[in-house]
Amino acid sequence: MGTPTPRQYEDYLEECSAALRRGEKYIAITDLSRGGIPTPEQRQRQVLWLQEYESRMRELLLGVAFIITSPLVRLSVSTVMHLKPMPVPYFITHREVDAVAWAGARLEEWGMRIAAERVRSQYGLPVRVYTVERVRSA
């Protein structure tokens, strides 16, 4: 895929903004495995976007899992996070399955068990089995 065009990058930021405008708690899995290194202007735009949406992210975004296979893209993401740290927990991995497992665990931590199981099932991860024990009255 390579480095996104300025329009593609703005479209990506608009998708992120739209998710926050919905007003629902969610977790993001961002696949950058085929992406190129953002331009300095795009990195600066990301920092400004993070500043603008920081409070909304803290309120609604439960975390972000990044799938990054390129050391140079990872360095670029680290540079942005150095300039403007992520306001939510994040996880960086080179494998999609690890990102999904992390996302499922975060959802479960927030009491969103059904959503966690849906994510695990969608990606072919093992679904946990929950049992309900009956309490006998004496």
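Biologist: How many salt bridges does a search of the whole structure find?

Modeller: A word of care comes first, since this is a predicted model. A salt bridge is counted where a side-chain nitrogen of Lys or Arg lies within 4 Å of a carboxyl oxygen of Asp or Glu. Under that cut-off, the search of the whole structure gives a total of 10.

Biologist: Which residue forms a salt bridge with Glu 14, and is Glu 14 buried, partly exposed or exposed?

Modeller: The closest N and O atoms of the pair are 2.3 Å apart, and the partner of Glu 14 is Arg 21. Buried would need under 20% relative accessible area and exposed over 50%. Because the relative accessible area of Glu 14 is 40%, its class is partly exposed.

Biologist: How far apart along helix H2 are Glu 54 and Arg 58, and which residues are linked with them in a network of salt bridges?

Modeller: Glu 54 and Arg 58 form a salt bridge whose closest N and O atoms are 2.7 Å apart. The two are four residues apart in helix H2, so about one helical turn separates them. Arg 58 has a relative accessibility of 52% and therefore counts as exposed. The network of salt bridges that links Glu 54 and Arg 58 also takes in Lys 84.

Biologist: Are Glu 117 and Arg 120, which meet in a salt bridge, buried or exposed?

Modeller: The side chains of Glu 117 and Arg 120 come together at 2.9 Å, N to O. Both residues belong to helix H5, where they stand three residues apart, about one turn of the helix. As to their accessibility class, both Glu 117 and Arg 120 are buried.

Biologist: In what order do the elements of the protein chain run from the N terminus on?

Modeller: The protein chain has five helices and three strands. Its C-alpha atoms fill a box of roughly 70 × 30 × 25 Å along the principal axes, and buried residues account for 39% of its 138 residues. Read from the N terminus on, the order of the elements is α-β-α-β-α-β-α-α.

Biologist: Which element gives the most to the lining of the largest pocket?

Modeller: The largest pocket holds about 970 Å³ of space, and its lining is made of 37 residues, with Tyr 12, Cys 16, Thr 30, Leu 32 and Phe 66 nearest its centre. Two or more lining residues come from each of helix H1 (6–21), strand S1 (26–31), helix H2 (40–60), strand S2 (61–67) and H3. By class, the lining has 24 nonpolar, eight polar and five charged residues. With seven residues, the element that gives the most is H1.

Biologist: How many nonpolar residues has the lining of the second largest pocket?

Modeller: The second largest pocket contains about 160 Å³ of space, and its lining includes Tyr 26, Ala 103 and Val 119. S1, helix H4 (96–109) and helix H5 (113–122) each supply at least two of the lining residues. One polar and one charged residue belong to this lining, while its nonpolar residues number nine.

Biologist: Which residues make the nonpolar surface patch of about 280 Å²?

Modeller: A patch takes residues with over 30% relative accessible area and no salt bridge. Leu 75, placed in helix H3 (residues 71–83), is exposed because its relative accessible area is 54%. The patch is made by Ile 37, Leu 72 and Leu 75.

Methods: Residues are numbered from 1 along each chain as its sequence is written. This is a predicted model: local features need pLDDT of at least 70, side-chain atom pairs count only at pLDDT 80 or more; totals for chains, interfaces and linings use all residues. Side-chain values use heavy atoms; hydrogens and water are left out. Patches are made of residues with over 30% relative accessible area and no salt bridge: like charges are joined within 9 Å, nonpolar side chains (Val, Leu, Ile, Met, Phe, Trp, Tyr) within 5 Å. Accessible areas come from the Shrake-Rupley method with a 1.4 Å probe; for residues, only the protein chains shown count as cover. Buried means under 20% relative accessible area, exposed over 50%, partly exposed in between (1.4 Å probe, protein chains only). On a 1 Å grid over the protein atoms alone, a cavity is a set of points where a 1.4 Å probe fits but cannot get out, and a pocket is an open set with protein on both sides within 12 Å along at least five of seven lines; lining residues have an atom within 4 Å of a point. Grid points are joined across faces, edges and corners, and a volume is the space filled by probe spheres set on the points. Ala, Val, Leu, Ile, Met, Phe, Trp, Tyr, Cys and Pro count as nonpolar, Asp, Glu, Lys and Arg as charged, and the others, Gly among them, as polar.
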